[in-house]
Amino acid sequence: MSFTIPTDNKALVGAAVAALLVGVFKITFTSLSFFSMIFDLYILPPVNFKKYGAKNGNWAVITGASDGIGKEYALQLAKKGLNIVLVSRTLSKLELLATDIETKYKVSTKIVAFDASTDAPENYESIAKAINGLPVTVLINNVGQSHSIPVSFLETPDKEMHDIITLNNTVTLKVTKVVTPIILETLEKDKKLRGLILSMGSFSGIFPSPLLATYSGSKFFLQGWSAALAGELKPKRIDVELMLSYLVTSAMSKVRRTSLLIPNPKQFVASALRNVGRRVGAQEKYATCTPYFSHAVFHWAIENTVGLSSKVVNSINLNMHTSIRTRALRKAKRIAAAEAEKAAGKQA
Ligand SMILES: NC(=O)c1ccc[n+]([C@@H]2O[C@H](COP(=O)([O-])OP(=O)(O)OC[C@H]3O[C@@H](n4cnc5c(N)ncnc54)[C@H](OP(=O)(O)O)[C@@H]3O)[C@@H](O)[C@H]2O)c1
């Protein structure tokens with residue numbers, strides 16, 4: 001007995017088989033990406049910093065090193081056995097940190113203090129002078145600024161807009177231009193070593209964030225720049241990576257309490273240094289890593305469902321930032337009223 005499929009049905013069957021194949025491909029690809037994230041998170045051992053010159057007399061340069069995430073990079077890289085050049089704004093904070101690092105971890109430190117928002121040539125010259133002749137192998141581009149509170153683009157003060165772009169982009173590029181040739185010199189002298197340039201990205205740089213438009217755009221810029229640089233420097237034995245983070249407790253985020261989704265700087269940096277060179281939650285992005293476990297799952301889930309740049313993510317962000325702005329303005333009003341009351345009490 002022979003069985004023939006009518007021509008119309010043949011087309012239908014063809015379409016169904018094609019849809020099935022696409023579905024199988026999508027499920028296989030998504031599963032592989034999920035298991036690759038789990039492998040990075042829980043199975044691979046921590047990255048060994050010996051390849052970046054730890055315990056070998058080599059140096060790391062860290063910007064924004066006096067507080068928050070940058071301070072943690074300094075402490076944890078010193079613990080791994082790298083000497084540290086601390087670059088930031090407040091000299092007194094840098095001096096205290098340098099003493100703390102030298103006492104605790106028996107490594108050397110140097111301090112460079114300036115206000116990076118000026119973008120003055122002397123700033124970059126002072127870094128060049130401090131690292132001249134040092135075997136530098138690591139650069140952590142951490143300095144950054146966000147909006148003081150969520151604000152519409154049109155209401156963003158010009159100085160805030162200018163400082164965000166200067167600190168997050170211009171300074172990062174110019175410091176990298178000063179430090180990278182020194183890293184290349186170090187690698188030229190010691191062929192066993194690798195270099196590392198790690199820059200701090202943000203979830204605002206993977207999904208557009210209304211009411212943080214300038215900050216969001218500046219971090220998107222870093223994503224493109226860092227991945228392009230990674231391609232250029234890979235053949236020269238320098239690993240370039242953008243570290244992505246959702247909220248971390250710090251002066252900048254103004255979040256004080258940790259939670260499942262919000263680590264403190266110590267927890268975040270431990271995950272970042274453990275995973276250098278891997279993607280963890282950023283499976284689809286070259287030379288990019290979302291290292292903290294809950295951020296990784298969050299990133300992966302959005303990427304593989306509604307999409308990072310989707311309308312739904314954009315409007316959730318808008319609602320969240322509108323509510324943060326309302327609360328911040330209410331708080332500022334309360335503080336101003338309390339201060340006015342205090343001043344009136346003093347006068348009476
Ligand atoms: N915290 C978060 O939730 C979060 C999330 C994603 C990405 N990030 C990124 O992580 C990086 C660090 O953020 P953070 O939260 O650790 O910030 P933070 O606690 O506010 O620390 C910022 C550091 O940068 C320095 N700095 C600020 N303005 C400066 C200037 N004009 N000149 C020189 N140094 C300056 C500060 O120096 P002083 O000590 O003198 O103030 C401090 O050392 C940023 O790139 C940020 O975008 C943070």
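A polar contact here is a pair of N or O atoms within 3.5 Å; within protein, one must be able to donate a hydrogen and the other to accept it, and residues adjacent in sequence count only if both atoms are side-chain atoms. The model is predicted, so local features need pLDDT of at least 70 and side-chain atom pairs pLDDT 80 or more, while totals for chains, interfaces and linings use all residues. Numbering runs from 1 along each chain as its sequence is written, and side-chain values use heavy atoms, without hydrogens and water.

I start with the ligand. A polar side-chain atom of Lys 219 is 3.0 Å from a ligand oxygen atom. For Asp 115, a polar side-chain atom lies 2.8 Å from a ligand nitrogen atom. Asp 67 uses a backbone N or O atom, 3.2 Å from a ligand oxygen atom. The ligand taken alone exposes 890 Å², and the protein buries 93% of that; areas come from the Shrake-Rupley method with a 1.4 Å probe, and for residues only the protein chains shown count as cover.

Around the ligand there are 31 residues, and Ser 66, Thr 90, Lys 93, Tyr 215 and Ser 250 come nearest; near means a heavy atom within 4 Å.

Next, Thr 166. This residue sits in helix 5, residues 158–189; helices are DSSP runs of H or I, at least four residues, strands are E runs of at least two, and both are numbered from the N terminus. Thr 166 counts as buried because its relative accessible area is 5%; buried means under 20%, exposed over 50%, partly exposed in between, with a 1.4 Å probe and protein chains only.
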